[in-house]
Amino acid sequence: MKQIKIDSLSELNDVAREIIDSLEGRTVVLFRGEMGAGKTTLISRIVEELGAEDNVTSPTFAIVNQYEGTECRIYHFDFYRIERLEEAYDFGYEEYFYSGDLCLVEWPEKIEPLLPEDAMQVMIRVVDEDSRIFEIE
């Protein structure tokens, strides 16, 4: 496990690059952290690092957004509003998770039984208003 502490948003691209460099063939990344911890902000930096020029927003209502990186397609999920596992089945989560495309997942706790075993875990802990600790497994 790698642990990175940042004290400024200006350091977030370093965390994004570390996550990308740590993928080691994995294509599903789970982002865990309290509301407001910075999951969407970190995902926007990862998408940017991968060459996508899209404006990254949380797909809270759509559940999934798609971005085109220079070398890969990126799916950004937000399962916050999911209330039953059947909802994930209904939109075909398997087609995304096992597509080989990069899947960045917010609120994975809502669909825990459906997650691939080899998914990368990123835990975000809030230290204070500006500081965060990122644990990358």
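Visitor: What should I know before I start?

Guide: This is a predicted model: local features need pLDDT of at least 70, side-chain atom pairs count only at pLDDT 80 or more, and totals for chains, interfaces and linings use all residues. Residues are numbered from 1 along each chain as its sequence is written, and side-chain values use heavy atoms, with hydrogens and water left out.

Visitor: Which residues touch the most other members of the largest nonpolar core?

Guide: First the idea. A nonpolar core is a set of buried Ala, Val, Leu, Ile, Met, Phe, Trp, Tyr and Cys residues joined through side-chain atoms within 4.5 Å. Buried means under 20% relative accessible area, exposed over 50%, partly exposed in between (1.4 Å probe, protein chains only). Here the largest core has 26 residues, and I19, V29, F31, L42, I46 and L104 touch the most other members. Elements giving two or more residues include α1 (12–21), β2 (28–32) and β5 (102–106). Helices (H or I, at least four residues) and strands (E, at least two) are DSSP runs, numbered from the N terminus. The largest share, five residues, comes from α1.

Visitor: Is R32 buried or exposed?

Guide: R32 is buried, at 14% relative accessible area. This arginine is found in strand β2. Its side chain makes a polar contact with the side chain of E112 (2.8 Å). A polar contact is a pair of N or O atoms within 3.5 Å; within protein, one must be able to donate a hydrogen and the other to accept it, and residues adjacent in sequence count only if both atoms are side-chain atoms.

Visitor: How many disulfides are there?

Guide: A disulfide is a pair of cysteine sulfur atoms within 2.5 Å. The whole structure has zero. The sulfur of C72 has its closest cysteine sulfur in C103, 10 Å away, so that is too far for a bond. C72 is partly exposed, at 26% relative accessible area, whereas C103 is buried, at 0%.

Visitor: Where do the side chains of β5 point?

Guide: In a regular strand, side chains alternate between the two faces of the sheet. In β5, L102, L104 and E106 point one way, C103 and V105 the other, and all are buried. Five of its five residues are buried, so β5 is largely enclosed by the rest of the structure.

Visitor: Which way do β2 and β5 run?

Guide: Two strands pair if DSSP finds at least two bridges between them. Four bridges join β2 to β5, and the two run parallel. F31 stands opposite E106 in β5. Five bridges join β4 (residues 73–78) to β5, also parallel. There, I74 has L102 as its bridge partner.
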